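I opened this entry to keep a record of what I looked up, in the order in which I looked. The model comes next, and my notes follow it.

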Amino acid sequence: MLSRLGALLQEAVGAREPSIDLLEAFVEHWKGITNYYIESTDENTPAKKTDIPWRLKQMLDILVYEERQQTAANEAGPCLEYLLQHKILETLCTLGKAEYPPGMRQQVFQFFSKVLAQVQHPLLHYLNVHRPVQKLLRLGGTVPGSLTEKEEVQFTTVLCSKIQQDPDLLAYILEKGRVALKAQENLLVLVSVASPAAATYLVQSSPCCPAIVRHLCQLYQAMPAYLDPADIATLEGISWRLPNAPSDEAAFPGREALAAFLGWFDYCDHLIMEAHTVVADALAKAVAERLLMEILQPQLLHVSEQGILTSTSLLTAMLRRLRSPALLRETVAFLLGTEPPTTTPEDRPPTLCAHLIRHCDHLSDEISIATLRLFEELLQKPHEQIIHSLVLCNLEGRPYVARGSAEPESYEDTLDLEEDPYFTDGFDTSFQPAAKPPPAPATNSDGKTAVTEIVNSFLCLVPEEAKTSAFLEETGYDTYVHDAYGLFQECSSRVSPWGWPMGLTPLDSHEPERPFFEGPFLQMLFDRMSRILEQLFKSPCPLPSWVGSPISPLLHTPQHALALSPRESMTHTYHPYSLNLQVTSVLSRLALFPHPHIHEYLLDPYISLAPGCRSLFSVLVRVIGDLMQRIQRVPQFPGKLLLVRKQLMGQVPGEQLDHQTLLQGVVVLEEFCKELAAIAFVKFPPHGLHLSLPLSPEGHV
């Protein structure tokens with residue numbers, strides 16, 4: 001290391017007072033650098049053609065040699081003290097920023113990296129060291145693909161190594177928010193322009209990825225064990241660039257810890273999105289293994305209801321922020337598994353997905369709602385395996401359609417509503433739904449008749465005596481159509497790269513019928529939907545405020561978001577309104593997907609179902625049959641129903657009524673049928689009607 005020391009250094013070593021002579025040599029070299037700026041008149045000579053690199057090398061060697069000669073441990077020698085007292089690093093940082101002479105910035109990065117790596121005396125806690133280090137961090141990464149890229153990577157790697165050895169140093173390096181932000185920006189730039197060789201080195205030979213994920217896990221574990229889902233939802237504006245969110249109104253216990261975690265997760269997602277493929281894959285896999293599998297999965301599977309609720313809500317918040325394909329791929333594999341989905345109930349392995357689906361029908365309805373929201377968020381992610389594993393794998397080949405029956409050419413050849421087995425099974429058929437759509441002629445080439453009949457089937461499903469929206473001059477159907485159109489376009493754009501078929505798979509009349517199972521996800525949703533008039537919250541304690549928030553299955557416009565009574569008026573047995581809305585919200589998301597099998601199974605009321613099969617429409621028909629029997633036992637049913645609707649819309653004060661569960665379920669049912677009609681319409685709109693579809697007084701299109 002000392003082979004390149006000049007004559008001046010050799011004289012210092014051989015003198016009677018080596019430490020004093022070393023200091024003189026060190027000062028002489030520093031003066032040589034500063035004199036260059038005083039005497040030089042050529043601004044174009046590159047730094048590497050001056051004596052600056054040589055003098056910086058001599059100063060480094062003197063510091064290392066001096067430290068080796070020190071007898072007292074952890075004591076700074078005279079040369080190091082001179083470097084600290086005279087703010088040499090501060091001056092070098094300023095010279096590097098000026099980039100004079102050309103290439104000086106590269107020399108400064110190299111000198112800082114070597115001093116921090118080779119001098120064993122702890123330096124970063126000194127103000128005159130960590131302050132210029134912070135400035136140098138801000139200086140790096142200003143220009144993508146800059147000439148100092150290699151030196152910036154080396155400098156960052158040395159800092160990470162030092163922090164790994166002593167985590168307390170992080171407070172000195174990132175003591176200011178803007179410095180931390182700049183460091184994160186620098187890292188984003190570096191990993192995005194890295195060559196394959198550099199990316200491989202970064203993954204295999206540096207502490208970068210483990211350090212990033214370890215910090216993410218530490219932030220997760222620093223949060224309180226229980227967080228209200230409503231509080232988690234208030235931090236929608238959190239990002240890595242704005243880790244501290246806007247509003248004082250959102251203050252709650254654990255807010256800062258939650259904001260820190262979500263901000264760092266958002267940064268990890270951006271880092272994975274911008275990074276070289278090698279780095280992105282490694283970092284995404286590390287997040288999945290360390291955070292999702294080792295920490296989150298045990299909490300999701302735990303028996304503690306509070307733990308399940310908090311971890312599920314946090315996972316939903318993470319999904320909402322997730323944008324990078326690599327991390328989305330790992331997250332989907334974590335949630336749904338990597339094995340092909342099975343098609344029969346008895347073949348289902350006890351996967352995490354199976355547990356989460358069971359949580360949608362949990363004894364705690366808070367957990368049910370939180371898990372349904374998780375699945376709703378998942379369905380909005382651009383990954384084909386999600387919808388395939390949850391729904392499409394069970395609809396392949398259309399086993400839900402009765403074999404041996406020809407494909408209908410007109411709807412007058414199909415099953416009447418009263419003939420549906422789920423409608424007549426155990427119910428008194430003296431009460432019928434509202435006027436059944438009249439038989440339709442053969443379908444026109446433009447599809448008008450088919451769409452009209454489907455829309456009317458849903459609009460007329462709820463009997464007139466159970467409808468209330470018309471009394472408030474607010475049918476809402478036009479707005480449903482408008483919003484459904486936007487959501488359908490968004491969904492179609494998301495799935496367009498997947499190459500879905502345009503038409504139904506033709507039925508083979510010679511193929512034997514095989515048992516049909518709608519899959520655990522649809523089975524859970526249909527079971528929940530069938531209990532829309534009766535399901536109750538079973539939680540023994542008052543529910544948190546998030547359960548009582550205004551929700552609409554598809555729309556979020558003020559005129560259609562049905563408000564709930566204040567939390568103070570809640571009793572220990574809470575109405576199932578929020579749960580019903582969440583169930584219908586997930587079903588609406590599914591119905592929007594433009595796959596022909598999904599459209600047929602969820603939105604075609606006239607399919608000829610195979611024996612023992614049910615569809616969404618047949619489930620609704622059965623609910624209507626149940627409703628027609630129940631309303632006969634409710635005195636003054638129309639008046640009470642209208643009052644409940646006004647309560648839900650916030651037009652009158654809330655008060656507890658008899659049969660309130662039933663009445664609220666009827667309101668949700670009416671709105672849901674209008675939603676499904678709107679979705680069916682926008683998926684195959686008749687020519688010339690597009691977004692404005694007037695209704696007749698009877699409710700027909």
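**Aromatic pairs**

I began with F155, which counts as buried because its relative accessibility is 1%, where buried means under 20% relative accessible area, exposed over 50%, and partly exposed in between, with a 1.4 Å probe and protein chains only. I note here that this is a predicted model, in which local features need pLDDT of at least 70 and side-chain atom pairs count only at pLDDT 80 or more, while totals for chains, interfaces and linings use all residues. Residues are numbered from 1 along each chain as its sequence is written, and side-chain values use heavy atoms, with hydrogens and water left out.

I then searched the whole structure for aromatic pairs and found 17; rings of Phe, Tyr and Trp (its six-membered ring) pair if their centres lie within 6.5 Å, and planes under 30 degrees apart count as stacked, over 60 as edge-to-face and the rest as tilted.

I next looked at F526 and Y601, an aromatic pair that is tilted, with 6.0 Å from centre to centre and 40° between the planes. F526 belongs to helix α24 (residues 520-530) and Y601 to helix α26 (residues 596-603), so the pair ties together parts that are 75 residues apart in sequence. Both F526 and Y601 are buried, and ring pairs link Y400, F516, F526 and Y601 into a cluster.

**The chain and its cores**

For the chain as a whole I counted 29 helices and zero strands, and I noted that buried residues make up 53% of its 701 residues. Of the contacts with a separation of 6 or more, 78% are between residues 24 or more positions apart, contact meaning heavy atoms within 4.5 Å.

Which residues touch the most other members of the largest nonpolar core? Among its 150 residues, they are I387, F521, L525 and L602; such a core is a set of buried Ala, Val, Leu, Ile, Met, Phe, Trp, Tyr and Cys residues joined through side-chain atoms within 4.5 Å. Helix α29 (residues 660-683) gives the largest share of this core, 15 residues. I listed the residues that I387 touches, not counting those up to four places away in sequence, as L379, L392, W498, W500, L590, F593 and I598. A second, separate core has 47 residues, including V27, L84, L139 and V158.

Helix α19 (residues 365-378) has 14 residues and reaches 20 Å from its first C-alpha to its last, close to the 20 Å expected. Of the 14 residues of α19, 13 are buried, so this helix is largely enclosed by the rest of the structure.

L309 lies in helix α16 (residues 305-321) and is buried, with a relative accessible area of 4%. I found its C-alpha atom 6.7 Å from that of A370, although L309 and A370 are 61 residues apart along the chain.

**Loops and backbone**

K467 sits in the loop between α22 (448-459) and α23 (477-495), and at 16% relative accessibility K467 counts as buried. A polar atom of the K467 side chain lies 2.8 Å from the backbone oxygen of L459. Leaving out residues up to four places away in sequence, I recorded that K467 touches L459, C460, V462, L641 and E670.

Most residues other than glycine have a negative phi, and most peptide bonds are trans, and I therefore looked for exceptions. Y100 and P101 are joined by a cis peptide bond, with omega about -5°, and P101 is in the loop between α5 (88-98) and α6. In the loop between α5 and α6 I also placed E99, which has a positive phi of about 55° although it is not a glycine. E99 is partly exposed, with a relative accessible area of 32%. H659, in the loop between α28 (637-648) and α29, is not a glycine either and has a positive phi of about 60°; H659 is partly exposed at 37% relative accessible area.

Note on methods: Helix = DSSP H or I, 4+ residues; strand = E, 2+ residues; numbered from the N terminus. Expected span 1.5 Å × (residues − 1). Polar contact = N/O pair within 3.5 Å; in protein donor to acceptor, adjacent residues only side chain to side chain.
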